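Good morning, and thank you for coming. I would like to walk you through one structure.

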Amino acid sequence: MFDEFKRWFFSRSIRFKIIGAYLVSIALIGMVGYSYYVLVNIRSINREAEIYKARLINSQKDTVRSIVNIAIDGIEKYYESFKKGEYSEDVAKRKAIEFVNSIRYNVGKNISNYDYVWINTLDGIMILDPPKPSLNGKSVWDFKDKNGVYVFREMARIIKAQGGGFVSYCWPKLGEDSKVCYPKISYVGYFYPWRWVVGSGFYLDDIDRVVKDYKIRKEKDMLITTLNSVLMGAGITVIAAVVFMIIVSTITSHLRRMGELSKKLVEEEISPELKLPYKGSDELGVLVENFNRFVDESYKLLLFKKTIEDDLDVNAVYKRIFDLIKDEFGIKQFNIFEVNNSKNAMKQISVYGDEKMMCKQDMLIDCTLCRAARTAKEVNSFLEKEVCLSFLYSKEKNHICLPLMVGGSVGSVVQLVFDDKEKNDELCTKVKRLKVFLKEAAPVIEAKRLLSQLKESTMRDPLTGLYNRRFLDEFAQTFAAGVKRRNTNAGILMCDIDFFKQVNDVYGHNVGDEVLKGVVKAITKSIRESDLAIRFGGEEFLILLNDVDDEMALDVAERIRSEVERTEIVVQGNILKKTLSIGVSIFPEDSKNLWQCIKFSDVAMYKAKQSGRNRVVRFEPSMWTEENY
């Protein structure tokens, strides 16, 4: 039976075979394609859900950490009032507890369901439990969840180890069966003067519920899209089959002519290994030739784009462009410039064929002198001599400058330099082809630039321009490893502006911001380029001094303190002066753990404040006691 079908099939016309193959292929491709689409989208939805969940958890962590910090700031306010003698300590504590007790957030439809902040002592005495005031004053040290975790002991351990952080355990929800324990993540901070542990948290099952709803919406959208595309695909297939039949009928007439020509080619002993035996000059022959050239060029372009997309950074992309111009296009002299529009400047990235710059040097500090950068248009001296006045060799050479548009403006300029009589059709073809490659490279350059700028912006404090805590978290391990590898010491300076809150209270936060900038300017003026200044908190700054001993670290700290004390900050016609309290520790002399040394310098800084402020205090082991920290 199979042999009979085969004889029948091969006895049919080419048109029948092509149409049959087309319909079968469409059916198979549709089945495989939609199956693959559904599977890929399900995996994609699951990946997106995991990413979404991680973002929600990080967002909630940021929220509870902010809430706890707000609570600690409020406690600090009443503590300062106590220190100033405005309240007795008992009254200050009571007011601080009332303030923390008033904090409510994420209030649900049922007013009894809310997130809150609690306070307990480091040794487990509950100071404030908003939903269960009956626990206030009682010991919760031995409370443990169903997994056997001693919740408040774990919080105390985190406080002692790193001064605060996140704790995972399970805990009942408000308004529900108190015997049911839900996974929970809380952030705890520590207020040292009163030995208070301050915390708040969120439940993971609430996150899971949101993520589940997210997946259901995505899967519903995918199903609707799939059904619509199936219906649309079926309609398009029918229409395409009719059109395809017409096209095939036209092509088969040419195939008959190709059969006659192929016989002639065989008689002339043309190699049968030729991929496309038809060498005619008619429309079909031109189509075959141009199509082959198009495929070849498209493959090179696709390979180039995929390669630069996978490159590490924009400098690697420029290296690819350099190799492309030199090797693929064989251009003997060229330059690549990068334009910095924010600084109105440009720099020479690559040069080939002649080490000297072909344009005026002033162009590097004023990019408007470059005609291509200024006009965002191609500059071609073959068409108009001396078209750009910044080109220095217009009498003996010609140049073509191609601007690369990045984010709506010129991001780079590729300058091609040729001898005066070098223009020909081949050169014009090369330039046209190169412009296609550069057009594909431009969005890749833009994306890699933006990615680099985004990463840099997340590591910088927008107000002061200093590195922030996120940078420290990522850089700390590298910094510590470098110090140990060089077998040297590093100075750790914790600086805090004295009475900074008074500036905000009296003059407002705008003036406070100017004071911060003035202090930062004095700090950076007093340290080396190899040292690092980091905005550690609101008015706290961490200085990492490379390769110093005790004496050098203390000298730098004193220099910073003195410079800040002398600095006059003029704001709104007023001259303000501020002072710093600075704590100093030495890594790894004081501890082999960098974060521990940072904590030591923080302790020393608080000692400086307690000793009268505006001074430098070197950390001593006696300042650190397990009972207090």
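Let me begin with the ground rules. This is a predicted model, in which local features need pLDDT of at least 70 and side-chain atom pairs count only at pLDDT 80 or more, while totals for chains, interfaces and linings use all residues. Residues are numbered from 1 along each chain as its sequence is written, and side-chain values use heavy atoms, with hydrogens and water left out.

The chain contains 14 helices and 17 strands. Helices here are DSSP runs of H or I with at least four residues, strands are runs of E with at least two, and both are numbered from the N terminus. Of its 629 residues, 39% count as buried. Buried means under 20% relative accessible area, exposed means over 50%, and partly exposed lies in between, with a 1.4 Å probe and protein chains only. Among contacts in the chain with a separation of 6 or more, 58% come from residues 24 or more positions apart. A contact means heavy atoms within 4.5 Å.

We turn to a sheet. Five strands form an open sheet in the order β2-β1-β5-β4-β3, with antiparallel pairing. Two strands are said to pair if DSSP finds at least two bridges between them. In general, strands of a sheet pair through backbone hydrogen bonds, either parallel or antiparallel. Which strands stand at the edges? They are β2 (126–128) and β3, and each has a single partner strand, so one side of each is left without a neighbour in the sheet. Direction ignored, neighbouring strands of this sheet are turned by 35° against each other on average. For angles, axes are lines fitted to C-alpha atoms, for helices over the stretch in contact, and the angles run from 0 to 180 degrees between N-to-C directions.

Within the sheet, β4 and strand β5 (residues 196–203) run antiparallel and are joined by eight bridges. One detail of that pairing is that V197 in β5 is the bridge partner of Y190. Helix α3 (residues 89–101) packs on the sheet, where it touches β1 (118–121), β2 and β5, and its direction makes about 70° with that of β2. Helix α4 (residues 151–162) lies across β1, β2, β3, β4 and β5, and runs at about 170° to β3.

Next, a pair of helices. Helix α10 (residues 469–486) packs with helix α14 (residues 594–610) at an angle of about 110°, and their axes are 10 Å apart. That makes α10 roughly perpendicular to α14, a term that covers 65 to 115 degrees; under 35 counts as roughly parallel, over 145 as roughly antiparallel and the rest as oblique. On the α10 side the contact is made by L472, D473, A476, F479 and A480, and on the α14 side by L594, W595 and I598. By class, this contact has seven nonpolar residues, no polar ones and one charged residue. Here Ala, Val, Leu, Ile, Met, Phe, Trp, Tyr, Cys and Pro count as nonpolar, Asp, Glu, Lys and Arg as charged, and the others, Gly among them, as polar.

Is I445 buried or exposed? At 0% relative accessibility, I445 counts as buried. Leaving aside neighbours within four places in sequence, I445 is in contact with V314, V317, Y318, I321, L404 and V406.

Now the cysteines. How many disulfides does a search of the whole structure find? It finds one, a disulfide being a pair of cysteine sulfur atoms within 2.5 Å. C170 and C181 form it, with their sulfur atoms 2.1 Å apart. The link is right-handed, with 100° about the S-S bond. C170 and C181 are both buried. By contrast, C401 is in no disulfide, and the nearest cysteine sulfur, that of C370, is 5.8 Å away.

Finally, the backbone. A cis peptide bond joins F587 and P588, with omega of about 0°. P588 sits in the loop between β16 (580–587) and α14. A376 is not a glycine, yet has a positive phi of about 60°. A376 is found in the loop between α8 (371–375) and β8 (379–380), and is partly exposed, with a relative accessible area of 33%.
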